[in-house]
Amino acid sequence: MPRHAYGMEFDQWQSWVRDAGLPMWRGGQIFSALQRRRPGAWSELTELPRSIRGRLEAAFSLAWPATARRHVSRDGTVRYLLDFSGGTARTPEKNQAEAVYLPDEVFDDAGRALRQRATFCISSQIGCAVNCQFCLTALLGLERSLDAGEIVAQVQFLLAAHEIRPGDDRVNLVFMGMGEPFLNYDAVLRAVRILCHPRGAGLAPRRITISTSGIVDKIRRYGDEPVRPRLAVSLNAPNDELRAKLMPLHRGQGGLAALMAAAREYPLAARERLTFEYVLLARVNDEIAHARELAALLAGLRAKVNLIAWNAGPELGWHTPSSARVTAFQSELRRHGVAAYIRRPRGQDIFAACGQLKRHEDAVQT
Ligand code: SAH
Ligand code: SF4
């Protein structure tokens, strides 16, 4: 299959045009045209000589992901199941991943809407190998990783579907869909460089968050990346025993000692904070004693905690804590000086909330 054109970095286009005997500036021209105009066919790039268009056509695919399903939530969230098979695969479910559009509203103190934009939640893999016991995506296992072109295509698809022009700096992007981004590190980082390039879609690293379940060597490597979005670590438990029970990868990664050492040594930029995510499971990890243990673990770190009450999945046997328990957990963290926020669930009625992305579910109304 030809390589996807969206997955080519700016300097890769420059090398390609040089090898084709063309001036370097043609590389930037191709990159910008792709990321800003999203042509459906190479013939649309009439600014290029016809002979180059023919060579591009032979070497690169411009295939657009097909919408296999689309669900719209009461709260405006739209969840897409995107098909990357180009219509060729016999088993489409092996080539489908989800991308979610979450409209944001920012209000002033008087309750007036100040501005409205969106968060895009995208996938890095089809399924996931990490097997967290509270996550619906885990039930799929890992089908495959997405390549950089497929990751970029999700963002371009959402920009187009919601008529947001490339370069609109109010778009936030989170790698919190299907998959573990740091188990597909190279493709994810390449996609980030493409999306953040000033001649491309114009996203800003400070408006992108990569969420990891805790792949320790990649957290360390990520700290040194020249283009580095924000980092969120899914902690979910304040001690080794509980974390190993909820997240089977935990011990193989060296336990909390290794994870917290990487977090403490992470080179934060000025005013940057690490984010820790903590899914609250009733009577499992949501006791006040757990909040105290968590506060001690995070003491001295420039960090904040996002608390997410577990979003139910019918196949999984956990329980969602009451809002009183969630608030009590937050208050205990705050009492110990930890910045803690409660994440409002979005798109719950269409299973688009955190950890609910999964292809096959009959309960959903479209
Ligand atoms: N694989 C990455 C990113 C995707 S999951 C990671 O685990 O960080 C995004 C977030 O959703 C993670 O913090 C995860 O802990 C959380 N999550 C998973 N299942 C959930 C569920 N059923 N309810 C609430 N949050 C969940
Ligand atoms: Fe994978 Fe994240 Fe789900 Fe764990 S929570 S199974 S790492 S997607």
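A residue counts as near a molecule if one of its heavy atoms lies within 4 Å of it. Keep that rule in mind for the whole tour.

**Before you click.** This is a predicted model, in which local features need pLDDT of at least 70, side-chain atom pairs count only at pLDDT 80 or more, and totals for chains, interfaces and linings use all residues. Residues are numbered from 1 along each chain as its sequence is written, chains are lettered from A and ligands numbered from 1 in the order in which they are written, and side-chain values use heavy atoms, leaving out hydrogens and water.

**Stop 1: ligand 2.** Select ligand 2. Around it you find Cys 128, Val 130, Asn 131, Cys 132, Cys 135, Ala 138, Gly 179 and Ser 213. Five of these shell residues are nonpolar, three are polar and none is charged (Ala, Val, Leu, Ile, Met, Phe, Trp, Tyr, Cys and Pro count as nonpolar; Asp, Glu, Lys and Arg as charged; the others, Gly among them, as polar).

**Stop 2: ligand 1.** Now select ligand 1. How many residues surround ligand 1? The shell holds 19, and the closest are Gly 179, Ser 211, Ser 234, Trp 310 and Asn 311. By class, eight are nonpolar, nine polar and two charged.

Next, show the polar contacts (pairs of N or O atoms within 3.5 Å). A polar side-chain atom of Ser 211 sits 2.7 Å from an oxygen atom of ligand 1. Polar backbone atoms also take part: one of Asn 311 is 2.9 Å from a nitrogen atom of the ligand, and one of Phe 134 is 3.0 Å from a nitrogen atom of the ligand.

**Stop 3: the domains.** Zoom out. Colour domain 1 (3-61) and domain 2 (66-350), bounds that come from an automatic or database domain assignment. Their centres, taken over C-alpha atoms, are 33 Å apart.

Definitions and conventions: A polar contact is a pair of N or O atoms within 3.5 Å; within protein, one must be able to donate a hydrogen and the other to accept it, and residues adjacent in sequence count only if both atoms are side-chain atoms.
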